[in-house]
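Colleague: I'd like to learn how to read a protein core. Could you take me through one?

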Amino acid sequence: MLTQVPLPLLPHDAAEIAPGVGVVTGPDGGGVVWVHGLATFAWDAGDAAARRLAAVQLVQLNAATQVQVAQAFGVIPVSVWRWAKALAGGGVAGLVPEAKGPQRASKLTPEVIAQIRELDRHGAGKAAIAAATGVSESSVRNVLRPARPAADGVLAGQDPAGTSGSTDTGSAGTGPAGTDAGVAEPEVLPVLPDPVPRDAERALARFGLLGEGAVPAFTPGARYPLAGLLLALPPLARSGLLDCARQVYGRLRNGFYGLEMMLIVLVFMALLREARAEGATRIPPAALGRVLGLDRAPEVKTIRRKLAELAAAGKAAELQLALARHHAAASPGTLGFLYVDGHTRAYFGKRDIQKMHLARLKFPGPATEETWVTGSAGDPLLVVMAQPSSSLAAQIRDLLPALRDITGPAARPVLCFDRGGWSPALFADITDAGFDLLTYRKNDTGADIPDLPGDAFTTAAWTGDDGREHAYDLADTTISLTVSEGEHKGRVLELRQVTRRKPGDTRQVRILTTREPGELPAAAVIYRMTSRWREENYFRYGRAHFALDALDTYATTPEDPARMVPNPAKKTAAAAVSTAKKDLAQAQAARHRQLDALRQPAPGTAVVITNQALARLGAPVDAARRDLAAAQAAARAVPAKIPLAEHNPDMVQLDTETKLITHAIRMAACNTETILARTLNGRYARAGDEAYALIREALHASGDITIHGSTLHIRLDPLSAPRRTRALAALCEQLNTAPATYPGTTLTLHYDVKEHPGTT
């Protein structure tokens with residue numbers, strides 16, 4: 001029996017679905033499906049049922065897979081599966097699409113529209129207006145959206161094909177089929193229009209004739225990538241970065257990108273998780289430029305040059321203090337407890353950098369030391385560069401004047417730190433400077449702290465900042481500490497000790513404070529001390545999301561040649577003393593063995609012990625003692641510390657100015673994201689678990705940008721889930737209650753969100 005292979009012939013204008021199977025689509029929307037050279041299925045323009053029937057039967061005949069048919073017909077595979085189910089259940093009639101558009105009269109009567117506008121004039125929110133008038137929030141937004149003239153392009157709030165994001169049949173839609181009487185037609189926007197030409201301004205900037213920077217100019221358009229970044233501008237203004245930078249640095253040299261624009265760019269890059277200058281290579285300059293109101297965003301070389309210009313001013317420490325003062329003035333309630341901790345930033349380059357212990361890596365290596373201060377909620381407040389290998393106690397002591405300047409003369413905040421800051425002399429300095437302290441008690445060398453008896457403990461509860469109640473098994477006592485060094489030597493400190501005992505654990509954790517029980521209950525002492533991990537959480541989050549430990553510049557500066565460093569010879573001398581002690585011990589052991597042999601001779605053997613024999617046995621011991629005395633004298637003569645110039649004159653330190661500037665930018669970005677995430681509390685059921693993830697998605701969202709008078713409207717596209725879109729809408733409504741302006745312009749920012757497809 002002869003078998004003929006099916007002909008794979010397809011018309012020249014057919015789009016292949018599978019081998020030998022293709023579809024030819026006419027200009028009017030009709031089409032023909034060809035199977036191995038034969039026209040098998042056909043439909044006319046507008047005959048959606050016949051088109052769906054062809055798709056289903058192609059799968060049923062095994063001419064193509066469901067995925068291949070879905071791709072050819074421009075749908076998802078689930079749609080093909082639904083068509084097959086509809087055909088099986090209702091025949092060809094089941095494939096006829098339902099009529100689109102409103103199924104009943106609109107609720108937006110002229111009376112309801114008038115009521116909506118009246119409530120809006122009295123300051124009611126959109127959710128309250130919707131509840132009062134019996135319509136959806138999307139209908140309220142459509143009524144309150146100002147009338148806009150038409151232009152060439154697509155409808156604002158719709159995709160380029162003109163399909164609406166809303167299928168609400170009981171309220172005003174955003175497309176032509178859902179438009180209600182009395183609601184202005186939405187503006188028609190071009191998709192990704194060309195930005196305003198800036199060639200002339202760039203030419204002027206090249207010769208220093210433009211001034212400090214180009215003024216932002218926005219082109220109305222739809223589907224702008226990264227439009228969600230504009231959500232960050234109101235909380236960024238609250239962080240004070242732009243105002244403090246202007247106060248400290250004044251301005252940059254004449255150029256196309258000014259100081260405010262560069263800071264906004266760097267914050268936006270940090271929010272996009274590209275915090276380093278090199279991250280600009282992974283962000284389309286045109287896309288970022290559109291939300292900046294420019295033709296292009298600055299790229300790596302420009303960013304590095306601008307950062308170097310700021311670093312050359314040598315005012316990074318002033319910027320940090322200015323930001324901390326702004327934070328203290330804007331949020332004084334967060335300064336009651338200040339968490340202080342050192343942070344070691346490892347260096348993996350080839351420069352000769354001071355080595356120090358890296359707790360996270362559990363071995364010593366080249367690194368720089370920073371001292372961080374965060375507020376009671378764990379938000380970064382201040383960072384300063386610490387001296388290499390300095391203790392946390394020394395860092396806190398150096399920080400006291402700056403903290404007093406930030407908090408004001410009348411405030412008495414509590415400084416919280418861990419055992420690394422244990423120093424009774426520091427405790428005296430803290431109390432004399434007008435601060436309270438909160439820290440763990442540390443064991444004295446060679447002595448254990450006696451445990452408290454079981455009957456001293458009681459159960460106490462405290463409600464945390466998040467509203468959750470925490471119960472602790474604790475004891476509240478007082479202790480006395482004597483200062484053994486420094487200018488306060490001999491002073492006795494009376495401190496309050498709160499001891500905690502965990503269920504199932506015999507260990508007792510002791511916490512010291514100078515706050516009285518009436519001001520800080522015992523349970524609150526435990527809660528506030530354990531909240532110190534909020535600072536550690538910031539370090540971890542900053543490393544993962546904001547490149548906290550990144551090397552932002554390859555520049556270095558010479559180390560201070562007069563800085564005192566541990567003397568390596570001291571270690572060698574100490575090793576010589578240790579060796580001499582070991583030799584002495586061995587000589588003494590050998591003499592004892594020989595004496596024992598003389599004193600206990602073998603039976604029948606007589607031994608006479610003379611002074612000369614004892615002297616011979618003791619000669620190695622005497623020599624070892626002389627060697628030990630000489631080694632100890634030599635060790636005492638070696639200074640413990642020497643100037644760095646005598647030890648390693650070529651040692652350098654990493655540039656601190658650039659790092660403090662980038663820290664300020666990343667702190668502002670982190671605080672901006674935190675403000676947005678906390679705004680979702682009470683507006684999003686899963687805010688405790690997903691707030692930051694939702695904000696990250698919103699910042700990457702696309703949207704439409706339009707200008708009406710002095711208002712810059714940002715209408716974002718829906719997020720990945722309806723519940724997230726609703727939460728974003730609530731966030732936008734909250735941001736609109738305290739309007740902010742776009743930096744460098746007089747444009748007021750107004751936010752809105754399109755309806756999520758398939759929701760009301």
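Modeller: Start with one residue and its contacts, meaning heavy atoms within 4.5 Å. Leaving aside neighbours within four places in sequence, L292 is in contact with P216, F218, M261, I264, V265, F268, A297 and Y742.

Colleague: What should I know about the model itself?

Modeller: It is predicted: local features need pLDDT of at least 70, side-chain atom pairs count only at pLDDT 80 or more, and totals for chains, interfaces and linings use all residues. Residues are numbered from 1 along each chain as its sequence is written, and side-chain values use heavy atoms, without hydrogens and water.

Colleague: Which residues have the most contacts inside the largest nonpolar core?

Modeller: In soluble globular proteins, nonpolar side chains tend to be buried together. A nonpolar core is a set of buried Ala, Val, Leu, Ile, Met, Phe, Trp, Tyr and Cys residues joined through side-chain atoms within 4.5 Å. Buried means under 20% relative accessible area, with a 1.4 Å probe and protein chains only. Here the largest core has 95 residues, and F268, L288 and L292 have the most contacts inside it. Helix 10 (residues 259–271) gives the largest share, twelve residues. Helices are DSSP runs of H or I, at least four residues, numbered from the N terminus.

Colleague: How many residues does the second core have?

Modeller: This separate core has 31, including I396, L415, L437 and V483.

Colleague: What share of the whole protein is buried?

Modeller: Of its 760 residues, 47%.

Colleague: And how far does the protein span along its principal axes?

Modeller: The C-alpha trace spans about 130 × 85 × 70 Å.

Technical notes:
Buried < 20%, exposed > 50% of the residue type's maximum accessible area, 1.4 Å probe, protein only. Helix = DSSP H or I, 4+ residues; strand = E, 2+ residues; numbered from the N terminus.
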